[in-house]
Amino acid sequence: MPRPILATIDRQHLRHNLARVRHFTGDAKVWAVVKADAYGHGLERVFEALRAADGFALLDLAEAERVRALGWRGPILLLEGCFEARDLELCSRLDLWHTVHCSEQIDMLAAHKTQLPHRVFLKMNSGMNRLGFKPERFRAAWTRLEALPQVDDICLSTHFSDADGPRGIAAQWAVFERITADLPGERSLSNSAASLRHAGVLQGRNDWVRPGIALYGSAPDHQSPDAGHWDLRPAMTLASRLIATQDLDTGDTVGYGSTFVADRPMRIGVVACGYADGYPRHAGTGAPVLVAGRRTRLVGRVSMDMLAVDLSGLPQAGQGSEVTLWGQASTGERLPIDEVAAAAGTVGYQLMCALARRVPVQVLDEAV
Ligand SMILES: *Cc1c(COP(=O)(O)O)cnc(C)c1O
């Protein structure tokens with residue numbers, strides 16, 4: 001029998017989450033963001049479920065080739081644009097839309113020979129200071145692009161730094177509106193957090209939204225409100241089993257460094273999942289885990305191939321019991337990946353992207 005660890009990708013949940021995003025974003029077209037191999041879920045595994053999107057957005061040219069190889073003829077957007085001049089040849093050949101965020105990318109386009117003019121997303125740095133033209137440089141960049149025969153359509157985009165937090169989007173949005181008010185072209189502003197949390201103020205302002213994390217069923221604002229609040233369902237479940245149990249006396253310790261000390265006699269279970277599977281090593285005692293669909297806690301340090309869980313109050317649990325590290329148990333009980341991430345001081349994004357190659361993956365699709 002193989003080691004009993006398994007990741008499951010639920011296509012019905014992906015479809016549901018895409019519908020939830022559309023519920024919030026009205027008539028806006030949706031770029032399904034599938035960068036980082038679909039946030040660790042696997043491009044080929046999620047494609048069928050997300051093909052109801054209007055386009056796929058990603059970073060890597062090799063990933064764009066994979067989406068075309070799956071038969072997708074619709075729009076594909078390169079979120080960081082081209083990295084060097086010859087990338088434009090692939091954009092022409094695969095008909096990719098690409099972000100233009102700096103003057104070097106305009107230079108490359110001006111030197112590019114193509115029969116088919118390109119569609120570009122001109123990006124404004126409205127305050128995040130990652131990619132894009134500063135507001136005062138934006139119009140000059142637009143004018144230069146507009147004059148190029150290599151370009152036939154210019155969409156306007158920006159990215160919010162605080163759509164998921166208390167600062168919100170107001171300041172960045174005001175800058176974007178002021179500079180672009182009289183420019184033609186479609187607009188693309190919202191990631192998942194802006195699509196859900198700022199749906200009201202941005203209603204009708206986006207021609208294209210760019211949700212990523214929400215499609216995978218993680219809350220765009222982490223802990224409060226959680227994924228359940230938005231009615232998002234986990235696309236990924238990481239599950240394993242108990243491969244041993246131990247009875248502890250008062251004073252016994254668990255795992256490397258003996259960081260957990262039993263303060264009473266208790267029983268623990270040993271789970272076939274460790275940091276080499278992608279479970280975060282920084283999750284410590286108290287991190288939530290489901291055993292046979294019931295909530296309990298991790299105890300002690302996570303090791304490479306195993307971790308330990310508290311079986312107090314779970315007398316039926318034993319060797320072979322199902323353990324859900326995140327996602328949905330076979331009982332239907334859910335453990336949001338965001339809760340596990342919070343216990344490890346990180347975000348759900350990082351956990352899903354870090355699912356290890358050694359973990360076998362199964363695709364669930366009740367519609368087929
Ligand atoms: C990754 C990314 C997104 C998606 O962000 P989520 O928080 O996952 O919704 C949207 N826009 C850009 C430019 C991105 O790089």
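Predicted model: local features only at pLDDT ≥ 70, side-chain atom pairs only at ≥ 80, totals over all residues.
Biologist: Where should I start with H4 and H5, and at what angle do they pack?

Modeller: Start with the axes. Helix H4 covers residues 61–69 and helix H5 covers residues 87–94. They pack at about 15°, with axes 11 Å apart.

Biologist: Which term describes that pair, roughly parallel or roughly antiparallel?

Modeller: Angles under 35 degrees count as roughly parallel. H4 and H5 are therefore roughly parallel to each other.

Biologist: Is the crossing of H4 and H5 left-handed or right-handed?

Modeller: Left-handed. On the H4 side, Leu61, Glu65 and Arg68 make the contact. H5 supplies Asp87, Leu90, Arg93 and Leu94.

Biologist: How many residues of that contact are nonpolar, polar and charged?

Modeller: Between H4 and H5 there are 3 nonpolar and 4 charged residues, with no polar ones.

Biologist: Now H3 and H4. At what angle do the axes cross?

Modeller: Helix H3 spans residues 43–50. Its axis and that of H4 cross at roughly 50° and come within 11 Å. An angle between the parallel and perpendicular ranges counts as oblique. H3 and H4 are therefore oblique to each other.

Biologist: What is the handedness of H3 and H4, and which residues touch?

Modeller: This crossing is right-handed. Leu43, Glu44 and Phe47 of H3 meet Glu63, Arg66 and Val67 of H4. The classes are 3 nonpolar and 3 charged, with no polar residues.

Biologist: How do I read H6 and H7, and at what angle do they cross?

Modeller: Read the angle first again. Helix H6 (residues 103–110) and helix H7 (residues 135–146) cross at roughly 10°, and their axes come within 11 Å. That makes H6 roughly parallel to H7.

Biologist: Which residues of H6 and H7 meet?

Modeller: H6 brings Ser103, Ile106, Asp107 and Leu109. H7 answers with Ala141, Arg144 and Leu145. By class, the contact of H6 with H7 holds 4 nonpolar, 1 polar and 2 charged residues.

Biologist: Turn to the ligand. Which residues come nearest?

Modeller: There are 13 residues around the ligand. Lys35, Tyr39, Ser192, Ile213 and Tyr349 come nearest.

Biologist: What should I look for in the atoms of tyrosine 39 and tyrosine 349?

Modeller: Look for N or O pairs within 3.5 Å. In tyrosine 39, a side-chain N or O atom is 2.5 Å from a ligand oxygen. For the side chain of tyrosine 349, the distance to a ligand oxygen is 2.6 Å.

Biologist: Which part of isoleucine 213 takes part, backbone or side chain?

Modeller: The backbone. One of its N or O atoms in isoleucine 213 lies 2.8 Å from an oxygen atom of the ligand.

How values were computed. Residues numbered from 1 in each chain as written. Heavy atoms only, no water. Axes fitted to C-alpha atoms, helices over the stretch in contact; angles between N-to-C directions. Helix = DSSP H or I, 4+ residues; strand = E, 2+ residues; numbered from the N terminus. Parallel < 35°, antiparallel > 145°, perpendicular 65-115°, else oblique. Left-handed = near helix turned anticlockwise from the far one by under 90°. Contact = heavy atoms within 4.5 Å. Nonpolar A, V, L, I, M, F, W, Y, C, P; charged D, E, K, R; others polar. Near = heavy atom within 4 Å. Polar contact = N/O pair within 3.5 Å; in protein donor to acceptor, adjacent residues only side chain to side chain.
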